[in-house]
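Here's a quick walk through one model, helix packing and ligand shell included. Have a look at the fold before reading on.

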Amino acid sequence: MTATARRPFGARLAEAMDAHGPLCVGIDPHASLLADWGLPDDAEGVRRFALRVMEALAGRVAAVKPQAAFFERHGSAGVAALEEVVAVGLQTGTLVVVDAKRGDIGSTMGAYAEAYLRDGSPLAGDALTVSPYLGFGALGPAVDLARESGRGLFVLCLTSNTEGREVQHARTSDGVSVAAAVAARAAALNAGADPLGSVGLVVGATVGDDARLAGVDLAHVNGPLLAPGVGAQGAGAPELARVFGSARRQVLASSSRGVLRAGPDVSALRAAAGAAASEAAAALR
Ligand SMILES: O=c1ccn([C@@H]2O[C@H](COP(=O)(O)O)[C@@H](O)[C@H]2O)c(=O)[nH]1
């Protein structure tokens with residue numbers, strides 16, 4: 001597909017959430033899950049695990065989110081399995097958010113952008129998670145290539161782990177929190193986009209009142225809000241409603257182990273994802 005043929009990620013995601021509900025299912029082949037599914041803890045096990053999730057959920061959820069670390073753990077054969085997930089997403093029209101949390105100095109960021117956001121790259125899904133903690137401006141090459149290719153970014157803002165607070169709640173020289181500064185930069189990139197911009201944020205469903213405490217204006221971002229932490233990390237419908245308030249229409253709730261533990265049976269995976277999607281939809285409508 002050429003860069004001009006693909007509609008912007010934000011528009012495609014909004015359509016997918018309307019069709020399937022606001023749920024992204026993470027593909028995290030933990031060693032313990034591989035054992036539970038009767039699979040070996042090697043690249044072939046990871047491949048079979050990930051392709052089973054795709055068989056169960058492709059075309060049935062708004063997005064899937066393979067966690068690159070669990071594929072990289074098995075070297076080049078593991079990365080090849082991640083490429084297969086990306087290919088199945090493309091073939092089935094299922095949005096793939098590659099959760100690789102890339103972020104580096106600008107010149108190196110250009111190479112990451114080519115790997116994860118360039119047309120024709122086998123690792124390029126529909127969106128990539130990125131870290132702004134080498135400076136938001138250092139993400140420039142990814143921002144540019146995502147825009148050119150109709151792909152999206154999810155920029156870490158308020159992460160679901162408590163350790164993130166020491167960085168994200170710190171104050172910049174302007175007196176605003178680091179998280180608020182990140183959100184403002186994303187909002188500027190999404191200005192005027194309709195229905196949703198393509199530069200999203202990662203805001204954990206576990207963060208409670210942190211958006212308010214850090215002065216992050218989620219509703220103003222005008223981009224998707226990827227909310228990991230649903231399920232295994234303890235967040236559910238009440239937490240989603242509390243964290244996102246008036247920004248709830250922008251939220252793509254994300255659950256990995258909470259759904260994956262239902263496998264390997266395809267019907268059971270579908271039922272678990274369906275239940276999680278219904279719960280998220282009820283909380284976010
Ligand atoms: O703030 C963040 C950012 C990313 N993640 C990732 O999401 C999944 C969560 O998995 P669960 O099994 O649903 O807990 C995992 O890949 C994390 O790296 C996050 O949890 N928090």
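Is the crossing in which H6 passes H7 left-handed or right-handed?

## Ground rules

H6 passes H7 in a right-handed crossing; more on that pair in a moment. This is a predicted model, with local features needing pLDDT of at least 70 and side-chain atom pairs counting only at pLDDT 80 or more, while totals for chains, interfaces and linings use all residues. Residues are numbered from 1 along each chain as its sequence is written.

UniProt, in an unreviewed entry, lists residues 22-272 as "domain: Orotidine 5'-phosphate decarboxylase". UniProt positions are in the numbering used here, feature names are shortened, and annotations may be inferred rather than shown by experiment. Over residues 22-272 the chain is 42% helix and 17% strand, and the end C-alpha atoms sit 14 Å apart. Helices (H or I, at least four residues) and strands (E, at least two) are DSSP runs, numbered from the N terminus.

## H6 against H7

Back to our opening pair. The axes of helix H6 (residues 106-117) and helix H7 (residues 140-149) come within 7 Å and cross at roughly 30°, which makes H6 roughly parallel to H7. Axes here are lines fitted to C-alpha atoms, for helices over the stretch in contact, and angles run from 0 to 180 degrees between N-to-C directions. Angles under 35 degrees count as roughly parallel, over 145 as roughly antiparallel, 65 to 115 as roughly perpendicular and the rest as oblique. As for handedness, a crossing is left-handed if the near helix is turned anticlockwise from the far one by less than a right angle, and right-handed if clockwise.

On the H6 side, the contact uses Gly106, Met109, Gly110, Tyr112, Ala113 and Leu117, and H7 answers with Gly140, Pro141, Ala142, Leu145, Ala146 and Ser149. Contact means that the C-beta atoms, placed from the backbone, lie within 7 Å. By class, the contact of H6 with H7 has eight nonpolar, four polar and no charged residues. For those classes, Ala, Val, Leu, Ile, Met, Phe, Trp, Tyr, Cys and Pro count as nonpolar, Asp, Glu, Lys and Arg as charged, and the others, Gly among them, as polar.

## H13 and its partners

Helix H13 (residues 266-284) and helix H3 (residues 43-57) have axes that come within 9 Å and cross at roughly 65°. H3 and H13 are therefore roughly perpendicular to each other, and their crossing is right-handed. Val53, Glu55, Ala56 and Leu57 in H3 meet Val266, Leu269, Arg270 and Ala273 in H13. That contact of H3 with H13 splits into six nonpolar, no polar and two charged residues.

Helix H11 (residues 237-244) also packs on H13, at an angle of about 35° with the axes 8 Å apart. The crossing of H11 and H13 is right-handed. Ala237, Leu240, Ala241 and Phe244 of H11 touch Glu279, Ala280, Ala282, Ala283 and Leu284 of H13. The class tally for H11 with H13 is eight nonpolar, no polar and one charged.

## Around the ligand

The ligand is surrounded by 18 residues, the closest being Thr159, Ser160, Pro228, Ser256 and Arg257. The cut-off is a C-beta atom, placed from the backbone, within 6 Å. Strand S8 (251-255) and helix H12 (257-260) each supply at least two residues of the shell. By class, the shell divides into three nonpolar, 12 polar and three charged residues.

Most residues other than glycine have a negative phi, and most peptide bonds are trans. Lys101, in strand S3 (residues 95-102), has a positive phi of about 45° although it is not a glycine.

Asp194 and Pro195 are joined by a cis peptide bond, with omega about 10°; Pro195 lies in the loop between helix H9 (178-190) and strand S6 (199-203). A cis peptide bond also joins Gly263 and Pro264, with omega about 10°, and Pro264 is in the loop between H12 and H13.

Notes: Contact = placed C-beta atoms within 7 Å.
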